[in-house]
Amino acid sequence: MTRPPGRILLSVVSGNCPQARGLLVDQVLDASPDALVLSVSLHNGPDTYPVVQRLSRSADPRMPHAAHHGVTGAPAVVVRQDLLSIGRATHRPSVVVLALPEELDTLPFLLELWRDQLGAGSLGDHYTPGPVLAAVDPSSFLADIGCVHRAVHRWNGWRADAPVTRAEAAAAQVETADTVVLHSPAGTRTGLASGVASLVQLLNSRAQVVAHDGEAPARLPAAALRPISYDPQEAWRARLDPVTVPHMPHDSTHGVGSVLWRARHPLHPGRLADALAVVLLGVVRGHGHLWLANQPDSVVTWRSAGAHLQLRESGPWLEADAPQLWEAASAQRRTLASWYWDDYFGERRNEITLTGVDLDAARIREVLDAALLSDEELAQGRDRWLGLADPFFTGDDS
């Protein structure tokens, strides 16, 4: 994708700590000296709208300084108005760097930010989407990816979502990025950065991973400073779909590897619960979707980070006689459903990707296969499946 004449490149920078984010913003400014930086911070919440504090800075004194004060409101609405003011100004930068805090869930925030608003103007009139850049301090990342005892609230652009663990927030941040930059402070132990780089590459195979040790001049790859080559809204929407393209395993490095498991029969909920102690051993990150026998009409999403596993009912499976479901699904999901469609089961299937350290792929697949319904159980039909004891979903718990 090329930038149309007169449009501003809107790049997004996040970071797992303020220091790493600041270093990455400085790198972008070194490459684009005329850029304007719009830094966002959130205060208060999550039960009410937060105070959205914005600060803009640029080396060009003619650039607009439309964001100085805190305003209470939906983050995407407040930031969109700032960006539209910058886009309509007489003197405009060629690049705007939107620096986001950890409290914002980047992917849904960007979808809401770019969504066309009737009568409110569109970002597409003034901006071309640039890449999403994530700055990572390796030591902080390792501490966060294993932290499941602390919950954090994140805003999705409009409202506060249910709290997630720090591990989930850390994994989601690097999975959203087009480029991940590892900044290793002086004194970082040998091998830590390379090990984290291997893990990040497995978590997000799409991303370009760049490591800086603080000694050599820090330069960003050219792709990190150009418009993105995909339709952002379609791609972001597809990544939030409960049925997504799996992360395919790569060769293990530094002991870090991935396991992909697929199956077409439904899972027995009790046997799956018994298998978790083996399945999650050494797993840093897991995601995918399940077909539980006692939840035959619902996609159950699997998201694990560290030792914390979340199973959630995430909407219905696509059905041949339900065109409204197909219209609401992303193009990517519709394509996957067509590839894997079964005349009897339709879209239903299990697919999980597990990433971790020294994983026993054969053992993981063995215990998951054993949790599937046998041919005899399958023949008993869904009325029998619905009566299976459920260790995961009880009452209103999802």
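Tyr340 touches Arg262, Arg264, Gly346, Arg349 and Glu351, residues up to four places away in sequence being left out of the count; contact here means heavy atoms within 4.5 Å. The structure is a predicted model, in which local features need pLDDT of at least 70 and side-chain atom pairs count only at pLDDT 80 or more, whereas totals for chains, interfaces and linings use all residues. Residues are numbered from 1 along each chain as its sequence is written, and side-chain values use heavy atoms, with hydrogens and water left out.

Tyr340 is placed in helix 10. Helices (H or I, at least four residues) and strands (E, at least two) are DSSP runs, numbered from the N terminus. With a relative accessible area of 27%, Tyr340 is partly exposed; buried means under 20% relative accessible area, exposed over 50%, and partly exposed in between (1.4 Å probe, protein chains only). Between the C-alpha atoms of Tyr340 and Leu386, which are 46 residues apart along the chain, the separation is 24 Å.

Helix 10 (residues 331–340) also holds Arg333, which forms a salt bridge with Asp241, the closest N and O atoms being 3.3 Å apart. A salt bridge is a side-chain nitrogen of Lys or Arg within 4 Å of a carboxyl oxygen of Asp or Glu. Asp241 lies in the loop between helix 7 (232–240) and strand 11 (256–263), so the pair ties together parts that are 92 residues apart in sequence. Arg333 is buried at a relative accessible area of 5%, and Asp241 counts as buried at 12% relative accessibility.

In total, the structure holds 19 salt bridges. Side chains of opposite charge can pair when their charged atoms come close. One of these salt bridges joins the side chains of Arg54 and Asp82 (2.5 Å, N to O). Because Arg54 belongs to strand 3 (residues 51–58) and Asp82 to helix 2 (residues 75–88), the pair ties together parts that are 28 residues apart in sequence. Arg54 counts as buried at 7% relative accessibility, as does Asp82 at 5%.

A further salt bridge is found between Asp144 and Arg166, with 3.3 Å between the closest N and O atoms. This pair links distant parts of the chain, with Asp144 in helix 4 (residues 138–145) and Arg166 in helix 5 (residues 166–176), 22 residues apart. Asp144 is buried, its relative accessible area being 12%, and Arg166 counts as buried at 18% relative accessibility.

An open sheet of five strands shows antiparallel pairing in the order 11-15-12-13-14; two strands pair if DSSP finds at least two bridges between them. Strand 11 and strand 14 (308–316) are the edge strands, each pairing on one side only. On average, neighbouring strands of this sheet are turned by 10° against each other, direction ignored. Axes are lines fitted to C-alpha atoms, for helices over the stretch in contact, and angles run from 0 to 180 degrees between N-to-C directions. Within the sheet, strand 12 (residues 283–290) and strand 13 (residues 298–305) pair in the antiparallel sense over six bridges. Val300 in strand 13 is the bridge partner of Leu290.

Helix 6 (residues 192–203) packs on the sheet, where it touches strand 11, strand 12 and strand 15 (350–357), and its direction makes about 20° with that of strand 11. Helix 8 likewise packs on the sheet, touching strand 12, strand 13, strand 14 and strand 15, with a direction at about 30° to that of strand 13.

The axes of helix 8 (residues 269–279) and helix 11 (residues 361–370) come within 9 Å and cross at roughly 175°. Helix 8 is therefore roughly antiparallel to helix 11; angles under 35 degrees count as roughly parallel, over 145 as roughly antiparallel, 65 to 115 as roughly perpendicular and the rest as oblique. In this contact, Arg271, Leu272, Ala275, Val278 and Val279 of helix 8 meet Arg363, Ile364, Val367, Leu368 and Ala370 of helix 11. The residues of the contact divide into eight nonpolar, no polar and two charged. Ala, Val, Leu, Ile, Met, Phe, Trp, Tyr, Cys and Pro count as nonpolar, Asp, Glu, Lys and Arg as charged, and the others, Gly among them, as polar.
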